[in-house]
Amino acid sequence: MIKPKKCLAILLCLVMMASLIACGNTASSNVEPIAGGDAPAAAPQDAATGEKLTIGYATRLPNDQAQAALEAAIKEAVEAAGAEYVLLTCNNITDVATQVNHIEDLINMGVDGMLVNPNDGDSTLEALQRAKDAGIPTVTVDGRLTEGFEDRVISQYCTASTQAGELCAELLMDAMPEGGNVVLIRGNNGNVVHGARSDGFIAALEGSNWNVVGEMFNDPCDNDGARKAMENLMAAAGYDVQAAFSITDSWFPGMVQAIDDAGKTDDIKLVAIDGFVAGCEYIQDGRCIGIAAIDLPGVGQEAVQCLLDVISGTKTAEDFEPVMPIDCFIINPENVDERIKTAY
């Protein structure tokens, strides 16, 4: 006999899958396992019914190649383990209300485990507490919760955001030790990861010849927002700017447009985090000093393994640190021709 929660899960899955197909919500699954990592073990079945487990993932639409690669890696790892995969996506990083509703949907479906990429540090806290109270193990991936609320989930798998910002500062200081004025584009206000990247960059510059002369949020988190932020930052600094840091190199096209329109093409160097093809191309043409790159597919696979281990009883939440950061690696002029081959 099929359990009632599984009947509800199947019905909701069909409705949501139809919705996702209508919206064209697809992502490539051409993601290889992380180097040296183990493929997730087979997912355990329900002890009482022998039914396949259901794992839900609440995130935003994968509207860039990094998020698409992350979602594809999670889907691949879940399905490779023999579990049912349910994907619920809100429109963008500012659509926090829909993301909360999606977590509630997964709770009501009675999923056996949940992954969440939180849009900000606070909005999902109550919903995650309800998932915990319902006995649904949850792991966050990529995004971070506000400090002090780590107990809402098993663990938080993410890039070492502060380290990424520090690496960018080191790239800048090594390439241009004479220093100058630098501006920052922070990203979404309230996003813990974006904040940690920026704060790490600023802290690492202390005592150097570099002065942070301006910083702005890019709440739309798109290239048009980056262009406007760059225009405002340059104007506020009297166009006396020698470098610009962004929390993601995916915004370089918007930043470059603003820089070129201001006639500062040869005067401002870029440095950022992530590792998109566009960012690598700006290294190749000399406009970007370097990138602190991240392995989002690896982050996703590690998060799935953690969740499956807890569901199966192989491990408990106490076996995992509250935050499990994945180290970054550097892309610079010396290795960019090779690294661009595997960029997002």
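In this report, helices are DSSP runs of H or I with at least four residues and strands are DSSP runs of E with at least two, both numbered from the N terminus. The model is predicted, so local features need pLDDT of at least 70 and side-chain atom pairs count only at pLDDT 80 or more, while totals for chains, interfaces and linings use all residues. Residues are numbered from 1 along each chain as its sequence is written, and side-chain values use heavy atoms, with hydrogens and water left out.

## The chain as a whole

The chain holds 11 helices and 12 strands. A contact is a pair of residues with heavy atoms within 4.5 Å. Among contacts in the chain between residues at least 6 apart in sequence, 76% join residues at least 24 apart.

## Two helix pairs

Two packed helices are described by the angle between their axes and the distance between the axes. Axes are lines fitted to C-alpha atoms, for helices over the stretch in contact, and the angles run from 0 to 180 degrees between N-to-C directions. The table sets out two such pairs.

| Helix pair | Angle between axes | Distance between axes |
|---|---|---|
| α2 (residues 65-80) and α10 (residues 296-312) | about 30° | 8 Å |
| α7 (residues 223-236) and α8 (residues 252-261) | about 35° | 7 Å |

The angle of about 30° between α2 and α10 makes α2 roughly parallel to α10. Angles under 35 degrees count as roughly parallel, over 145 as roughly antiparallel, 65 to 115 as roughly perpendicular and the rest as oblique. The crossing of α2 and α10 is right-handed: a crossing has this hand if the near helix is turned clockwise from the far one by less than a right angle, and is left-handed if anticlockwise. On the α2 side, the contact is formed by Ala66, Gln67, Ala69, Leu70, Ala73, Ile74, Ala77 and Val78, and on the α10 side by Leu296, Pro297, Gly300, Gln301 and Val304. These residues comprise 10 nonpolar, 3 polar and no charged. In this classification Ala, Val, Leu, Ile, Met, Phe, Trp, Tyr, Cys and Pro count as nonpolar, Asp, Glu, Lys and Arg as charged, and the others, Gly among them, as polar.

The crossing of α7 and α8 is right-handed. Helix α7 contributes Asn223, Ala226, Arg227, Met230, Glu231 and Met234 to the contact, and helix α8 contributes Phe252, Pro253, Gly254, Met255, Gln257, Ala258 and Ile259. By class there are 8 nonpolar, 3 polar and 2 charged residues in the contact of α7 with α8.

Two residues show this contact from either side. Arginine 227, in helix α7, counts as buried at 17% relative accessibility. Residues up to four places away in sequence aside, arginine 227 touches Gly254, Met255, Gln257 and Ala258. Alanine 258, in helix α8, is buried at 2% relative accessibility. With its neighbours within four places in sequence left aside, alanine 258 is in contact with Arg227, Met230, Glu231 and Met234. Its C-alpha atom is separated by 8.8 Å from that of alanine 229, which is 29 residues away along the chain.

## An aromatic pair

Rings of Phe, Tyr and Trp (its six-membered ring) pair if their centres lie within 6.5 Å; planes under 30 degrees apart count as stacked, over 60 as edge-to-face and the rest as tilted. By this rule there are 3 aromatic pairs. One of them is the stacked pair of phenylalanine 201 and phenylalanine 245, at 4.2 Å centre to centre with 10° between the planes. Phenylalanine 201 belongs to helix α6 (residues 192-205) and phenylalanine 245 to strand β8 (residues 243-246), so the pair ties together parts that are 44 residues apart in sequence. Both phenylalanine 201 and phenylalanine 245 are buried.

## Individual residues

Most residues other than glycine have a negative phi. Aspartate 142, by contrast, has a positive phi near 75°. Aspartate 142 sits in the loop between β4 (138-141) and β5 (155-159) and is buried, with a relative accessible area of 7%. Aspartate 274 has a positive phi near 125°. Aspartate 274 lies in strand β9 (residues 269-274) and is buried, with a relative accessible area of 8%.

Glycine 179 is placed in the loop between α5 (161-175) and β6 (180-185) and counts as buried at 10% relative accessibility. Apart from its neighbours within four places in sequence, glycine 179 is in contact with Asn209 and Trp210. Glycine 179 and glutamine 242 are 63 residues apart in sequence and 8.3 Å apart in space, C-alpha to C-alpha.

Key
Buried means under 20% relative accessible area, exposed over 50%, partly exposed in between (1.4 Å probe, protein chains only).
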